[in-house]
Amino acid sequence: MAGINKPGKPKSKRRPVRLRESIKKASAAKQKKDRKAGKKNPEWRSKLKKDPGIPNLFPYKDKILAEIEEGRRRKAEDAERRRADAKATKTGEKSGEQVEREVEARMEGVDEEDIMDEDMDEDFDEDANPMAALLASARAAAQEYEEELESGDEMDEDDVSESEDDEPGVELSGLPTRKDGSRKAFDKIFKQVVEQADVILYVLDARDPEGTRSKEVERMVMAAASGGKRLILILNKIDLIPAAVLKSWLLHLRRYFPTIPLRASGPAPNAHTFNHKQLTVQSTSATLFKALKSFAAAKQLKRAISVGVIGYPNVGKSSVINALTSRMGGGSAACPVGAEAGVTTSLREVKIDSKLKLLDSPGIVFPSTGDGSKASKKEEQARLVLLNAVPPKQIEDPVPAVTLLLKRLSGAEGMTTKLMDVYGLPPLIRTNGDPTTDFLVQVARKRGRLGKGGVPNLNSAATTVITDWRDGRIQGWMDAPVLAVAPAVTDATAGAPVIGDQKEIVTEWAAEFKLEGLWGDGKAEVVDEAMQE
């Protein structure tokens, strides 16, 4: 036993953490060194990994390679045959394969012309003239599209008739959305809302009611159903204007139609708002709800009263509906809302109860009465941007909108100073330069909207200003026009079957909705008491 070596204890392969981490660092350093050396190597190398192919140990490798080679051979033979047939068709000669097919066809009783037509179709479509085939396909697609457009009106009528039994809160089928995006499609939705609704709620932005108001809309509503429709103006976002301005706008708009102030939703973060006494979200929505219920009870119809909500994009149409439905104890919003324009893309029906249902519609911008020049179009686009009627992604140049905003604020006393206080800027110095550029340069430096080399990004700064204006962080509003005497007949009633004093129409409609005690009588003392800050 003396010459036998005893097996010793097996040596462990475990390494201390210190050595393992050092190996990792050494490996990472080597990989980094190899990458740097590879960048300096002028030899071109493809970044695409080479296909390793079929492993040699795979038992069916020879069979798979034979199938691949057979497929290549067949593909080459088919291509050669098609080229020969096309050449024979052009020269008028017949290939051997065509002769064999003709013989077989004669034995089966098929004419030679049918065979030639079949061959011509195959060769012509595939190889002879592919552009002609593409043109024919485009023409067929265009004809099919025109047929769909012609049948679109009939389909829409059927969908509207079937949509009366749909569940509340579900988008009505067969209606165009933002994806087809045409003005004609959205005009059709607007006309459907006017035709289906018994009462039209025309939502206006309290900061610029005349800018979000269209006489064409009022004319269409007054002319619909021989004057049987009712139109109520909803002055939304009243918390963004002071009490005196709100009072003047209510007195002005009530010369034409019944007008109700409304706070449909809460303000945006850091927004500068005015705390009007008694005019809260709950009280104003309750006022509107009672007015609609009073009208439904007075009509005594066997069906539910339809209330259509219309207006410019992003004036708060869906928020008005959500404010009304929240009174019924709904946990979630009936309509999707957002700070940007274009959230509502189709007609949506929301049922309040057995006697009242609401119709939400996409916002429509009606054409202005400009002269059609380039400057007029640019100014109109800037006006729509300030009205939040254009989604931020579709704003090509936000600088003209900021120029228009500065022009409006400079006309009101103290508004420019409040604008400077929002960004913490010194007063603007009026020199020969462009005040808009000077303002945007200061905003860009203050908010960090800088490009390469510290150059101010004016478009980004202008977008920031527009966003702050949209969310109410920048204070600003339009003053109501002062009229000595209310006109007897306005443009809103021109061409409508109902002809008479507009004041009588307002009084009659206010009585139907029982608005006498709900800020509807226009008395100055009642308005002052309800709108104290």
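Strand E1 (residues 199-205) and strand E4 (residues 305-311) run side by side in the parallel sense, joined over five bridges. Here Leu201 stands opposite Val309 in E4. Keep in mind as you look around that this is a predicted model.

**The sheet and its helices**
- Strands of a sheet pair through backbone hydrogen bonds, either parallel or antiparallel.
- Six strands make up an open sheet with mixed pairing, in the order E3-E2-E1-E4-E6-E5.
- Strand E3 (259-261) and strand E5 (348-353) are at the edges with a single partner strand each, so one side of each has no neighbour in the sheet.
- On average, neighbouring strands of this sheet are turned by 25° against each other, direction ignored.
- Helix H9 (residues 243-253) packs on the sheet and touches E1, strand E2 (230-236) and E3, with its direction at about 170° to that of E2.
- Helix H11 (residues 317-325) lies across E1, E4, E5 and strand E6 (356-360), at about 160° to E6.

**A buried lysine**
- Is Lys357 buried or exposed? Lys357, found in strand E6, is buried because its relative accessible area is 16%, and the cut-off for buried is under 20%.
- Beyond its neighbours within four places in sequence, Lys357 is in contact with residues including Ile305, Val307, Glu349 and Ile352.

- Helix H13 (residues 399-411) has 13 residues, which at 1.5 Å a residue should span 18 Å; the end C-alpha atoms are 19 Å apart, which agrees.
- Several residues of H13 are buried, among them Val402, Leu405 and Leu409.
- Helix H12 (374-386), helix H14 (415-423), helix H15 (435-447) and helix H16 (458-470) are included in what covers the buried residues of H13.
- In soluble globular proteins, nonpolar side chains tend to be buried together.
- The largest nonpolar core here has 92 residues, and Leu201, Phe439 and Val465 are among those with the most contacts inside it.
- Val465 touches Val402 and Leu405, as well as others including Phe439.

**Salt bridges**
- Side chains of opposite charge can pair when their charged atoms come close.
- The count comes to 22 salt bridges.
- In helix H2 (residues 61-91), Glu70 and Arg73 are three residues apart, about one turn of the helix, and their closest N and O atoms are 2.2 Å apart.
- Asp208 forms a salt bridge with Arg408, the closest N and O atoms being 3.8 Å apart.
- That pair links distant parts of the chain, 200 residues apart: Asp208 is in the loop between E1 and helix H8 (215-223), and Arg408 is in helix H13.
- Asp208 counts as buried at 9% relative accessibility, while Arg408 counts as partly exposed at 26%.

Terms used:
Residues are numbered from 1 along each chain as its sequence is written. This is a predicted model: local features need pLDDT of at least 70, side-chain atom pairs count only at pLDDT 80 or more; totals for chains, interfaces and linings use all residues. Side-chain values use heavy atoms; hydrogens and water are left out. Two strands pair if DSSP finds at least two bridges between them. Helices (H or I, at least four residues) and strands (E, at least two) are DSSP runs, numbered from the N terminus. Axes are lines fitted to C-alpha atoms, for helices over the stretch in contact, and angles run from 0 to 180 degrees between N-to-C directions. Contact means heavy atoms within 4.5 Å. The expected span of a helix is 1.5 Å times one less than its number of residues. Buried means under 20% relative accessible area, exposed over 50%, partly exposed in between (1.4 Å probe, protein chains only). A nonpolar core is a set of buried Ala, Val, Leu, Ile, Met, Phe, Trp, Tyr and Cys residues joined through side-chain atoms within 4.5 Å. A salt bridge is a side-chain nitrogen of Lys or Arg within 4 Å of a carboxyl oxygen of Asp or Glu.
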